[in-house]
Amino acid sequence: MTQKSQKLLLIDGMALLFRSFYATALYGNFMFTSDGIPTNAVYGFVKHLIASVHHIKPTYVVCCWDMGSATFRTEMFPMYKANRGEPPLELIPQFELAKHVVSAFDIPNIGVLGAEADDCIGTLTKQWKDEMDIAILTGDRDLLQLLSETVTVYLLDKGIGNYHIYTLERFRKEMEILPSQWVDVKALMGDASDNYPGVRGIGEKTALKLVRQYGSIEGILEHLPLLTKSQRQKLQEHEEMLHLSRKLAKIYCDLPIALRIEEAKWNVDKEKVEQAFLALEFKGLDRLLTYT
């Protein structure tokens, strides 16, 4: 991987906040301020944030967010993410609280109406990958399609500060395809968490095999006579959904985001952050600031 002198950390705020919430909520371990405001997700979010900065050592940090459930993907396919339902009541106020804490770290909060955090990350990656190394912190494998010589994806693992780290080299070795072909794999296999089916009956193993062999969805469809009868039948039955699934899986990298990179410089005003912690009645996080 080409080493550049500066590094930009792009954080998937949604992934960190949801993961932090459910890590404790599943066991009924909620935290509340004296005013009854839930804070368990924000507390975990901050621990993830500080751990990632300590591990990655970025020059600049940006946090990206979804801006509501209605996006261009739900316009294309109304059932997109329809399986998720409303966020738990204890989580709802924590979205704004998390953004407030991010601001206290002087980290820009980026979101675009009608798009997702992934698309914001994709856009910023495209804008800055030729200028500096990019580290993407997420739990979403869709972002593997952004990998390049200067882009690394840190997939959240269990616990704080543990990651599956994907470089271009690791991805190519494990998957035996290019990152740009990952969207074709996703289109074939679908995504249960995002609620689009791809081609029913084709899983990741078969999807990878077909993309390796024929290069793309178009290549696969051009070689239908060479496939098994079962594969051929599935692809012909679900071809329309296959093309739609690729549009849903694709990360869009041309959103109207104008980031002045100096605004994202990692330079913590510890007093400002401590005030934010105090307002949320956090205990034990101040000592983590020694790692920033």
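Reply: First, a term: a pocket is an open set of grid points with protein on both sides within 12 Å along at least five of seven lines. The model is predicted.

Me: How much space lies in the second largest pocket?
Reply: Its lining includes K129, Q145, K250 and C253. By class, that lining divides into 5 nonpolar, 3 polar and 2 charged residues. The space in the second largest pocket is about 150 Å³.

Me: What is the volume of the largest pocket?
Reply: The largest pocket is lined by 47 residues. These comprise 15 nonpolar, 15 polar and 17 charged residues. The volume of the largest pocket is about 1,500 Å³.

Me: Which element gives the largest share of the lining of the largest pocket?
Reply: The residues nearest the centre of the largest pocket are M14, A15, F18, Y22 and R84. The elements that give two or more residues to the lining are α1, α2, α4 and α5. The largest share, 8 residues, comes from α1.

Me: What span should helix α1 have, and what is the distance between its end C-alpha atoms?
Reply: Helix α1 covers residues 13–25, which is 13 residues. The expected span is 1.5 Å times one less than the number of residues. That gives 18 Å for α1, and the distance between its end C-alpha atoms agrees: 18 Å.

Me: Which residues of α1 are buried?
Reply: Buried means under 20% relative accessible area. In α1 the buried residues are G13, M14, A15, L16, L17, S20, F21 and A25.

Me: F45 and W65 form an aromatic pair; is it stacked or edge-to-face?
Reply: The search of the whole structure finds 14 aromatic pairs. In the pair of F45 and W65, the centres are 5.8 Å apart and the planes are at 20°. Planes under 30 degrees apart count as stacked, over 60 as edge-to-face. So at 20° the pair of F45 and W65 is stacked.

Me: How many residues apart are F45 and W65?
Reply: F45 is in helix α2. W65 is in the loop between β2 and α3. The pair links distant parts of the chain, 20 residues apart.

Me: Is F45 buried or exposed?
Reply: The relative accessible area of F45 is 1%. The cut-off for buried is under 20%, so F45 is buried.

Me: What kind of pair do F277 and F282 form?
Reply: Both residues, F277 and F282, are buried. Their ring centres lie 6.0 Å apart, with the planes at 55°.

Me: Which residue has its charged end over the ring of Y166?
Reply: A charge sits over a ring if NZ of Lys or CZ of Arg is within 6 Å of the ring centre and within 35 degrees of the ring normal. At Y166 the distance from the ring centre is 4.0 Å. The residue is R170.

Me: How many charged residues are in the lining of the largest cavity?
Reply: The largest cavity has a volume of about 60 Å³. Among its lining residues are R73, E116, D118, D140 and K250. The lining has 4 nonpolar and no polar residues, and its charged residues number 7.

Me: Is K57 buried or exposed?
Reply: K57 lies in the loop between α2 and β2. K57 has a positive phi of about 55° although it is not a glycine. Exposed means over 50%, so at 59% relative accessibility K57 counts as exposed.

Key. Residues are numbered from 1 along each chain as its sequence is written. This is a predicted model: local features need pLDDT of at least 70, side-chain atom pairs count only at pLDDT 80 or more; totals for chains, interfaces and linings use all residues. Side-chain values use heavy atoms; hydrogens and water are left out. Rings of Phe, Tyr and Trp (its six-membered ring) pair if their centres lie within 6.5 Å; planes under 30 degrees apart count as stacked, over 60 as edge-to-face and the rest as tilted. Helices (H or I, at least four residues) and strands (E, at least two) are DSSP runs, numbered from the N terminus. Buried means under 20% relative accessible area, exposed over 50%, partly exposed in between (1.4 Å probe, protein chains only). On a 1 Å grid over the protein atoms alone, a cavity is a set of points where a 1.4 Å probe fits but cannot get out, and a pocket is an open set with protein on both sides within 12 Å along at least five of seven lines; lining residues have an atom within 4 Å of a point. Grid points are joined across faces, edges and corners, and a volume is the space filled by probe spheres set on the points. Ala, Val, Leu, Ile, Met, Phe, Trp, Tyr, Cys and Pro count as nonpolar, Asp, Glu, Lys and Arg as charged, and the others, Gly among them, as polar.
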